[in-house]
Amino acid sequence: MNRLFLVVAAALAAAVPGCARPGGDGAPDGQGRPHVVFIFKVLGIPYADSLKKGADRASRELGMRAELLGPATGNDIQGQINLIEDQIARKVDAIVVSPNDADSVRPALRRAEREGIAVYAWDADASEDARRFYVAGCDDVQIGVDIAERLARDLGGKGKVAIMTGGLTAKNLMLHVEGVRKGLKKYPGITVVEPLLANNDQKDQAIKGAISILQKHPDLAGFACVSSPGAPGVAEALIQTGKAGKVKVWGLSLPSEIREHVKNGVVSGAILWNPADLTFATAYLVKQDLEGQKPRDGQEIPGVGRIRVKGTQVLIPGVVITKDNIDRLDF
Amino acid sequence: MKRTAGTGALQSAGSLVILAVLTVYFSATRDGFLDAGNLLSLARQYSELGLVAVGMTLVIAAGGIDISVGGTVGLTGMLLGVLVVHNGWDVLPAAVLALAVAGCVGALNGAAVAYLGMQPVLVTLATMSLTRGAAYVLTGGVSLSGYPDGFTDFAAADLGGTGIPLPAAITGAAFVAGAIVLRRTAFGRAVLACGASPEAAGLSGIRVRRVRFATYLILSLLGGAAGIMLTSRVSTSFADAGRNYEFEAITAVVLGGTSLSGGEASVLGTLAGVCTMAVLRNGLSLAGESDLTRTQMLAAALIAAVLIDNLRRRLTA
């Protein structure tokens, strides 16, 4: 029995290296289209589904092969690193990443550039020396300030507020939180309760976190959420605890995931951008960059609008979502 | 029920066949699979899990189980980070201390299971929460980077220019050592005897409690080493390191022919199991399949492996 094992093992060991071809096949694929892989933080949430629509649109309209990949579970730092290394092995033309943790993926991203793959960041930034440019739907800090402002106005400038983020290490989220704190500081009547809630980009964790903070602070007046599953999760928690409408919520979520809550007054509103547009715009700029042209300030991207460029950061237009316009927004 | 110690080879051959089939399939259908660079990169990626799988083979062979090792991987890496990045320690003494802490976790597991007679799943469930929680508490979830280049170069290095990644070589050596220990040493035979029948083992003079304790200690030490290696590879300490390693290690062990009830084990079978999982993930990834598919396929593989294990034991009883 052991001998059978050894024989099969030896055969395998001999056969595989014999067939391995150094160098492998590179993308672009047979039709010469650039192969661009977007690696998001997690799959299976509405925001990611919306991002994918942008990638699909890019594949159809820009003559490229755009894919959206990501780990299956929230805040999976190791999963993202493995995915990046996989793309290096697949020899894709470009990798665009929204890192769960910018520091952890930096070595893998830099290796990708060394191997001739163009690296960019979108949605959340990577280290500046690891990507060519970063495309966002907002100024990461300013959006936090804006959310804070609107929540504060809803609360009449006083009350206890809880802040909820996604993963604790994603750069964009950390900056959003910084913005929220900065924005709330202007209102001496508002206190921010600790701890900072983290939902790891998963709605069920958002619900749990919200319920637990409501138990700890029964007089909580408002929630500021900076990760997309936050507002819908908090809304569910408020409905479950009978506080819907009494506690104010401002978030950073898709209109489609908070539509009913906004119409029923459970969530006051959100500030966002169209994730599909964000991905499409990034794909557009990546293709342009692969052809040797950098993003230009004020450049018009079909179907998205004018972008602003500051150094290596690109901004696409965002939108404030409230009861008044939510039905006109289809993402 | 009669069980012969150490003859999981039939199942091991089975896992090799699965591996061969998958390899042939992916080579034929995925561009870039059989690329030397791809396979070596894959080996590097699975080095840490491989180390843990070796240790897990021993624990399961002796009749136990450990679901806390993933937490130990994370804790070791974070501890290393706190010492080196926050407190300016040199890497080597910090690694030794971190490894010692990993050893303490293993000793805790081993003592509770072997000497206090507690259920392994319950004990290691508790230590899993303890270690993972401690990893998060150390920095509040914030990752640490800023290691000296020498340390991060370690995991990126090749073995003397052969192109074989250093971490993979280390794990390979661990597998060889594990296989030799299990088959050819008194300790290894004792491990299998404890798993097959603790009463008989005890009656024949084996110190069952000491042997079981040792397996938990070894696994946690290997987990600590994996934590250090992983930290070097990504040049960052992050609290979530090693997440799911216990699930994946157990899957690899069972895929490789080791019986979950102990007494029959094959370290080389575990190696085949790890390779199978690596090949599966890579094959799916090269086609752009999402991680969700892989998780489902792995779960299916684990269920299949456990069913085969059950069936085989019933047929040979």
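This briefing covers the overall build of chain A, its two domains and one of its strands. The model is predicted: local features need pLDDT of at least 70, side-chain atom pairs count only at pLDDT 80 or more, and totals for chains, interfaces and linings use all residues. Residues are numbered from 1 along each chain as its sequence is written, while chains are lettered from A and ligands numbered from 1 in the order in which they are written.

**Overall build**

- Chain A has ten helices and 16 strands. Helices (H or I, at least four residues) and strands (E, at least two) are DSSP runs, numbered from the N terminus.
- Chain A is as compact as a globular protein of its length, because its radius of gyration is 22 Å, close to the 20 Å that the globule rule gives for 331 residues. That radius is taken over C-alpha atoms, and the rule is 2.2 Å times the number of residues to the power 0.38.
- The C-alpha atoms of chain A fill a box of roughly 70 × 60 × 35 Å along the principal axes.
- Of the 331 residues in chain A, 57% are buried. A residue is buried if 20 or more other C-beta atoms lie within 10 Å of its own, exposed if 12 or fewer, and partly exposed in between; C-beta atoms are placed from the backbone.

**Two domains**

- Domain 1 of chain A spans 35-137 + 275-317, and domain 2 spans 140-272. The bounds come from an automatic or database domain assignment.
- The C-alpha centres of the two domains of chain A lie 27 Å apart.
- In chain A, 17 residues of domain 1 are in contact with 15 residues of domain 2. Contact means that the C-beta atoms, placed from the backbone, lie within 7 Å.
- Helix α2 (residues 46-61) of chain A gives the largest share of the domain 1 side that touches domain 2, with three residues.

- Strand β1 (residues 35-39) of chain A is largely enclosed by the rest of the structure, because five of its five residues are buried.
- One side of β1(A) holds A:His35, A:Val37 and A:Ile39, and the other A:Val36 and A:Phe38; all are buried.
- β1(A) pairs in the parallel sense with strand β2 (residues 65-69) of chain A over five bridges. Pairing requires that DSSP finds at least two bridges between the strands. Here A:His35 stands opposite A:Arg65 in β2(A).
- β1(A) also pairs in the parallel sense with strand β3 (residues 94-97) of chain A, over four bridges. A:Val37 stands opposite A:Ile95 in β3(A).

Technical notes:
Contact = placed C-beta atoms within 7 Å.
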